Amino acid sequence: MNRGPSWFNLVSLTLGFAFLYLPIVLLVVWSFNASRLVTVWGGFSTKWYAALLQDQQLLDAAWVTLRIGLMSATAATVLGTLAAIALVRGGRFRGRTLFSGMVYAPLVMPEVIMGLSLLLLFVAMGFARGFWTVMLAHTTFTLSYVAVVVHSRLITFDRLLEEAAQDLGCTPTQSFLQVTLPNIFPAVLAGWTLAFTLSLDDLVIASFASGPGATTLPMRIYSQVRLGVTPEINAVCTILIAVVAVGIICWSLAMKWRVAGAARLAAA
Amino acid sequence: MRRARSPAALLPGLWLAIFFAFPFLLVLRLSLSDTALAIPPYTPRIDWSAGIEGLKAFFAALDVEMYRRLGEDRLYFDAYVSSLQFAATGTILALLVGYPMAYGMAKCRPGTRSVLLMLVILPFWTSFLIRVYAWIGILKPQGLLNAFLGLIGIEPLDLLYTPAAVQIGLVYSYLPFMVLPLYAALERLDHTLLEAAADLGSPPWKSFWQVTWPLSIPGVIAGCLLCFIPMVGEFIIPDLLGGPGSLMIGRAIWMEFFANRDWPFASAVAIVLLVTLVLPIVLYQRQQAKALEAGR
């Protein structure tokens with residue numbers, strides 16, 4: 001059928017997306033407002049951004065967050081991809097139910113519980129809380145997201161290609177590296193990006209796992225947000241939103257380019 | 001099917017066992033200890049050198065004082081009930097807002113669909129904290145909402161730090177989690193079924209009730225679980241948007257932990273929350289497994 005959307009569909013879409021985006025758009029607008037009040041437009045200004053560069057604590061927090069994000073996303077990508085491979089290719093191995101339970105449970109587990117349990121683990125193991133404990137905690141909760149993203153891609157990948165490679169004399173490892181991995185690579189990269197942004201955004205788990213000297217950006221923002229809306233925080237938030245948005249746009253352009261390239265290749 | 005061990009499972013399995021499953025035992029153990037002992041290293045500890053006697057001593061030292069306190073304290077019981085209420089209401093509202101959106105998306109042309117899909121996913125990638133924070137500026141007494149209401153001549157509303165604000169925040173933050181599974185279910189819908197229903201003389205609303213809605217049930221269940229479970233334990237939203245009147249259990253754990261420094265008690269609260277959520281989490285897992293088998 002597909003008679004196209006009706007007026008009812010259009011209205012619900014418009015209202016729904018307005019609801020989703022209005023607060024984000026407002027935040028960006030406020031960050032360029034010269035006035036401190038959210039209801040008064042005092043003219044366009046970038047002074048709040050300039051003020052950020054003077055805030056050494058904030059810059060330190062941003063640097064810590066960035067390093068944790070890069071490291072934990074990389075570790076989570078390796079572990080998550082392995083988990084997805086085990087779930088798709090492993091067949092019904094022993095302990096599969098438990099394994100898939102452990103992979104998917106962090107997706108819905110309340111952050112407060114995960115944070116508390118990880119903290120107790122670090123205390124029991126005698127780890128000094130700080131940078132590394134946050135890194136470990138973030139790896140643990142983001143690897144599930146990577147597993148889901150890679151899983152959905154791996155399941156549509158034709159296993160015969162792998163078998164053909166092995167018939168032609170590849171070892172399983174070689175066929176994985178030369179055939180499977182290039183094919184699922186976009187999903188692996190998407191998983192990495194997702195893990196990275198989740199790590200950048202996380203407040204609750206980081207607060208539990210962190211100790212003195214390792215304040216992440218969300219923790220810093222949180223401590224200021226409790227005091228109310230300030231233009232400086234709006235500016236930080238806008239920068240974070242811009243980083244994510246630019247990343248996603250680049251990503252989707254790269255995908256388009258890839259698809260177009262593949263189509264040209266197929267046509268040739 | 002082969003019944004083999006999967007070497008790929010080894011590393012992530014080990015990791016999750018250490019960093020995800022094992023810590024729950026620690027939480028359980030701590031929740032069974034006394035407040036008096038609540039300074040590191042959080043005894044009772046198992047004295048392995050004493051063998052079976054050490055184990056006995058360990059179990060003898062456990063007590064349920066924390067849980068007794070939990071039962072006696074009205075505050076925590078109320079926090080549980082209100083968390084469940086907030087989450088249930090939030091899930092239903094998200095379904096009411098999300099279903100028409102997902103339905104409308106599925107009705108669009110494929111090109112438009114993928115753009116809209118991107119737009120639903122995008123907020124998920126931007127910080128939760130930031131998105132909740134933006135609502136403070138909208139809802140506060142001198143905020144944007146009241147400025148707008150003033151323009152059209154309506155009495156200002158005092159929404160910030162009320163349960164209503166928490167409810168708005170919950171629906172807003174978890175809406176993408178509702179729309180995505182719904183859209184996935186509706187997009188797969190076989191349109192010839194609706195045509196057949198129309199050919200047989202069924203009015204559109206009846207086709208919806210008898211064809212579209214039943215077929216979208218898996219998406220509805222997945223969406224509701226995906227919203228409900230994390231909503232119950234939500235911390236940021238009640239903390240930033242809610243007042244003292246909207247205590248939720250996630251926030252109670254946080255406060256016991258960071259403000260009162262009562263780790264055993266925080267653990268007991270967490271264990272009760274976990275037990276409450278075990279059933280929906282298992283349901284979600286089974287749903288997920290079923291969906292994955294179907295995708296095979």
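Which residues have the most contacts inside the largest nonpolar core? Keep that in mind while we look around this predicted model.

Let's start with chain A. Along its principal axes, the C-alpha trace of chain A spans about 70 × 60 × 35 Å. Of the chain's 268 residues, 44% count as buried. If you take the contacts in chain A between residues at least 6 apart in sequence, 76% of them join residues at least 24 apart.

How confident is the predictor here? Chain A averages a pLDDT of 86, and 94% of its residues score at least 70. Among its elements, helix H9 (residues 204-209) has the highest mean pLDDT, 93, while helix H11 (residues 231-267) has the lowest, 77.

Now bring in chain B. The contact between the two chains takes 68 residues from chain A and 81 residues from chain B. On the chain A side, the elements giving two or more residues include helix H3 (56-89), helix H6 (131-154) and helix H8 (172-201). The most comes from H1(A), with 13 residues. Sort that side of chain A by class and you get 50 nonpolar, 14 polar and four charged residues.

That brings us back to the opening question. The largest nonpolar core has 161 residues, and those with the most contacts inside it are Leu116(A), Leu118(A), Ile253(B) and Val269(B). Take Leu116(A) as a way in: leaving out residues up to four places away in sequence, it touches Phe208(A) in chain A. From chain B, Leu116(A) touches Val27(B), Ile253(B), Phe257(B), Ala266(B), Ser267(B) and Ala270(B). In soluble globular proteins, nonpolar side chains tend to be buried together.

Finally, two backbone details in chain B. Tyr161(B) has a phi near 65°, a positive value in a residue other than glycine. Tyr161(B) sits in the loop between helix H7 (144-151) and helix H8 (163-187) of chain B. Is this tyrosine buried or partly exposed? Tyr161(B) is partly exposed, because 19 other C-beta atoms lie within 10 Å, and being buried takes 20 or more.

Arg261(B) is not a glycine either, yet its phi is positive, about 55°. You'll find Arg261(B) in the loop between helix H12 (249-259) and helix H13 (263-295) of chain B. Arg261(B) counts as exposed because it has 11 other C-beta atoms within 10 Å, and the cut-off for exposed is 12 or fewer.

Conventions. Residues are numbered from 1 along each chain as its sequence is written. Chains are lettered from A and ligands numbered from 1 in the order in which they are written. This is a predicted model: local features need pLDDT of at least 70, side-chain atom pairs count only at pLDDT 80 or more; totals for chains, interfaces and linings use all residues. pLDDT is the predictor's confidence in each residue, from 0 to 100. Helices (H or I, at least four residues) and strands (E, at least two) are DSSP runs, numbered from the N terminus. A nonpolar core is a set of buried Ala, Val, Leu, Ile, Met, Phe, Trp, Tyr and Cys residues joined through C-beta atoms within 7 Å. Two residues are in contact if their C-beta atoms, placed from the backbone, lie within 7 Å. Ala, Val, Leu, Ile, Met, Phe, Trp, Tyr, Cys and Pro count as nonpolar, Asp, Glu, Lys and Arg as charged, and the others, Gly among them, as polar.
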